[in-house]
Every structure is written in structure tokens, then in C-alpha cells.
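Here are a few notes to go with the model.

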Amino acid sequence: MTATYKDLQRETGLSLATISKFYNGGTVRAENARAIERAATALGFLPNAFARSLRSRRSGTIGVLLPALDNDFHLTVIAGVESALRPTGGSVIVSSSPDAEAGAVDLLRSRMVDGIIAVPSPHDVVPLARAAEHVPVVQIDWRADGLDTDGVFLDNERAGALAAQHLVDHGHRRLGVVGGDPAVSTMRGRVQGFRAAAARAGVDPAPEAVLTGPLTVEHGQAAMQRLLVLPERPTAVFCANHELTIGAVIALNESGLTLGREMSVLGFDGRELAQVTVPKLTVIEQPTHELAVRAADRIRERLAERTAGATPPAPPVDVVVAPRLVAGGSVAHLGPSTTTPEH
């Protein structure tokens, strides 16, 4: 026999109203949510998504819009959103948007999604702005110009500052940066944070040692090759994203120089990459799963506001998530630092 709300009520001691609110996307106390989830698992309860959608006029589905499906960051976003929605019976529809012709935003809207979590591409800004007039939209990873919605982002300036401080604290004074496209806010923020923290420590990377370009392995490789032949070669290099880190490590391996001895490298993300380099790579870690979960939480909060009839809607909110440095052995210690670590 299929378990019902009344079975959950007997198992948890909670009211039918609380259980119904939980399964219809409302906000309930954390301990009540856990009790309902435990009871649902024990009883084999499966919410009737179709009936619920008829009652609430919601599909229980969130759209995830990504530029592509070809890297770990994007796949982790999908997994994080799905894990956040699963306990309440929600589901995910994923659409990639390599170009405007893909019509990815309109495709999601045609599937009657309740909201959209987007890593936005420039060609998606206008259709996402139109979509935001009807459903909640949350930007993740970077804020697109002209798209005034909620967002969940890494503290990118802090990420760059952590990298610079770590290198300076290890005695490095000649610093290099393999950066991405400065038109992308995340890349701009990481490089700005790096340079500002270095300046506070009395270090000013040479202009020719701060390289920017597309977020590709190829650019990372080419940039590191250029740094390695500078007359005043940097002793340590910060790579501002995962693909750039991979390319830089490839170039360093091809050069014959030893990672962590003849050249220090501080990468970004890529915990798996860090495990296979010798020595292990020191990286700035972006908590991608947390970013995705927090984005799903913002969607749910916005839907709850709409259910409550909040008018006018609350202004857009930015949720900022802190990075962390995971130390390996790829940054050599050149001597005592004269700087004070950041707190």
C-alpha cells in the first residue's frame, strides 16, 4: 500500500499542514524537514508530483542553464541543485546554451519550470531577463551585465587575495598571473584581489607577467610558456581557473622545470588534478556544490515569497560564498615573509 501524508503524520507527530507545506516547496523548521525525510524513507513515501503540480500550479521542476556540459564545474552545479531539490520531490531540467540559436531559455520556459538557475552567457541575458518577469532566476558563478536578479557567487577578490598572500608568505616577490578574460567578472575579481593583496605586501607584479585571455587549457599553456621565457622569470605563478591551471601545468612539465622547486604554481579548483601532480598542487578551492545548493535555496525562497503574495517583490540578493586554500607542495618556501597574514 502506498504511504500517504497521514502515515507521515503518524510517524512524525507533525501536522498535516506542515507536511503539506514541506512537499509544496514551503519553508519549515530544519528539524521538521529532517523528521519528514526520515519518515518518508522509512515508509517508502513518494510524493505525487503530478497531483501536486495541479494543486499548486507548479511543475516542481527547476531549470539549470549552462554554457556547456563539458567540465567538472558545470556538472557539479547540476549535481548540487539536484541534491538540494530531491528531498522535497523537486527535479531538474538541464539545458546547455552554446549560442543564441540554441534557444535554451525558451526551451526551459516551454517545459514550465518554476525557476531557472543560470551560469549566464552574454547571448542569454535578454531571454533570461524576460524569463525573470515570470519565474525566479538566480545567476551562479558570475554576474552578467544587464541581468538584475538574485545571484550566488564566490568571493572572487578574496580568492585572488588568498593566493597572493600565500605566495608572499612563502617569500616570493616575482609573481606571475595566468588570468582569464577580464570582461568576465569572476576573472576580473580574482586578478584584482591578487594584485591588491600583493600591493599591500609591497609586491607589484610586472605588467608583462600578468597575462589574460580565454578560459581554455590552450591559453593556460601558452601563457605559462610566455612567463617561462621572461628575462625576469616569476618564481611563482597564480592560475585563475581550472582550465588555465591544467594548461600551465602542461607547459611547466614540457619545459623540464620541476614543479614546486624551480617554479611554484598555485592553481584554482581541480582537487583531482592536485592529487596527480608531484608534488600535490596547492589550489584555491571553490565550493561549487555549496554554490549550487545556495542557488536552489534562493529559488525556493523566491517561490515562497510569491506564494505568500509578497508585493512588491524584494530586491535582488547576492549570496557570497568564501573560498579556501588547500595547501599542497607546489609552492616553494624561499625564506621568511615580512608580511602579516590576512585574517
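1. Ground rules. Helices (H or I, at least four residues) and strands (E, at least two) are DSSP runs, numbered from the N terminus. This is a predicted model, where local features need pLDDT of at least 70, side-chain atom pairs count only at pLDDT 80 or more, and totals for chains, interfaces and linings use all residues. Residues are numbered from 1 along each chain as its sequence is written, and side-chain values use heavy atoms, with hydrogens and water left out.

2. Arg294 and Glu290 sit four residues apart in H13 (residues 288–307), so about one helical turn separates them. Their side chains meet in a salt bridge at 3.2 Å, N to O (a side-chain nitrogen of Lys or Arg within 4 Å of a carboxyl oxygen of Asp or Glu). Arg294 is partly exposed at 31% relative accessibility, and Glu290 is too, at 35% (buried is under 20% relative accessible area, exposed over 50%, partly exposed in between; 1.4 Å probe, protein chains only).

3. Arg300 and Asp297. These two are three residues apart in H13, about one turn of the helix. Arg300 is partly exposed at 23%, as is Asp297 at 25%.

4. Arg298 and Glu301. Is Arg298 buried or exposed? At 10% relative accessibility, Arg298 counts as buried, while Glu301 is partly exposed at 35%. In the Arg298–Glu301 bridge, the closest N and O atoms are 2.2 Å apart.

5. Overall tally. The structure holds 13 salt bridges.
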